[in-house]
Amino acid sequence: MTRVQHHEAHAASAFYQSGFAEAALFTADAVGEWTTTSYGRGHAEGVSPFEEVDFPHSLGILYSAVTSYLGFAVNSDEYKVMGLAPYGTAR
């Protein structure tokens, strides 16, 4: 059995549903197994990760801090902030 890493699973789920034959892949979250950010390439042979950034360096943790600042629960409500983002009004 082949083990798929957390970020590779995120990238594959987006790429295989995209309809593109080839694509750049980028994932970022607080921490998934120790990787916090990764990038790579999706192509006919599959998903090829190029590089990753490990904990504690994390854009996702910054996003969690913003989530907390807005009054939502960390590691739980980030999706609410993402879902509300398009409803904002520029000031």
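Is Thr-37 buried or exposed? In this predicted model, Thr-37 has a relative accessible area of 11%. Buried means under 20%, so Thr-37 counts as buried. Its place is in strand 2, which runs over residues 35-43. Leaving aside residues up to four places away in sequence, Thr-37 touches His-7, Phe-26, Thr-27, Ala-28, Glu-51, Glu-52, Val-53 and Leu-59.

The strand belongs to a chain with three helices and three strands. Read along the sequence, these elements follow the pattern α-β-β-β-α-α. The C-alpha trace spans about 45 × 30 × 25 Å along its principal axes. Of the 91 residues in the chain, 27% count as buried.

In soluble globular proteins, nonpolar side chains tend to be buried together. Here the largest nonpolar core consists of five residues: Ala-11, Ala-12, Phe-15, Leu-25 and Val-47. Helix 1, residues 6-18, gives the most to this core, with three residues.

For the chain as a whole, consider contacts between residues at least 6 apart in sequence: 24% of them join residues at least 24 apart. The chain exposes about 6,800 Å², and carbon and sulfur atoms supply 60% of that area.

How values were computed
Residues are numbered from 1 along each chain as its sequence is written. This is a predicted model: local features need pLDDT of at least 70, side-chain atom pairs count only at pLDDT 80 or more; totals for chains, interfaces and linings use all residues. Side-chain values use heavy atoms; hydrogens and water are left out. A nonpolar core is a set of buried Ala, Val, Leu, Ile, Met, Phe, Trp, Tyr and Cys residues joined through side-chain atoms within 4.5 Å. Buried means under 20% relative accessible area, exposed over 50%, partly exposed in between (1.4 Å probe, protein chains only). Helices (H or I, at least four residues) and strands (E, at least two) are DSSP runs, numbered from the N terminus. Contact means heavy atoms within 4.5 Å. Accessible areas come from the Shrake-Rupley method with a 1.4 Å probe; for residues, only the protein chains shown count as cover.
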